[in-house]
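Morning, everyone. Have a look at the chain while I talk.

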Amino acid sequence: MSKFYNKFGTFMRYAGERLTEPSTWQGIGFLVALFGCKLGAEMNWGEAAGLGGIISAAIKMIFPDVKK
């Protein structure tokens, strides 16, 4: 049982580290916009992808990558 908790803890640390990166939210924003526009607003894939790209770029401008 402790082997499961060890792997689960490792996964949770990994997921937590990824969620702090702006590029993760950029990708999530793109996917939400893409499928939201396609399924919710019934746009075609090209329009949905264009709007997803705009959302992704806006997130990138708001939360730029941290330079080390």
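**Tyr5 and the overall fold**

The cut-offs: buried is under 20% relative accessible area, exposed is over 50%, and partly exposed is in between, with a 1.4 Å probe and protein chains only.

Some ground rules. This is a predicted model, where local features need pLDDT of at least 70, side-chain atom pairs count only at pLDDT 80 or more, and totals for chains, interfaces and linings use all residues. Residues are numbered from 1 along each chain as its sequence is written, and side-chain values use heavy atoms, leaving out hydrogens and water.

Back to Tyr5. Tyr5 sits in helix H1, residues 2-19. Helices are DSSP runs of H or I with at least four residues, strands are runs of E with at least two, and numbering goes from the N terminus.

Now the whole protein. It has three helices and zero strands. The order along the sequence is α-α-α. The radius of gyration is 16 Å, well over the 11 Å from the globule rule for 68 residues, so the protein is more spread out than a compact globule. That radius is taken over C-alpha atoms, and the rule is 2.2 Å times the number of residues to the power 0.38.

What does the C-alpha trace span along its principal axes? About 50 × 35 × 10 Å.

And burial? Of the 68 residues, 16% count as buried.
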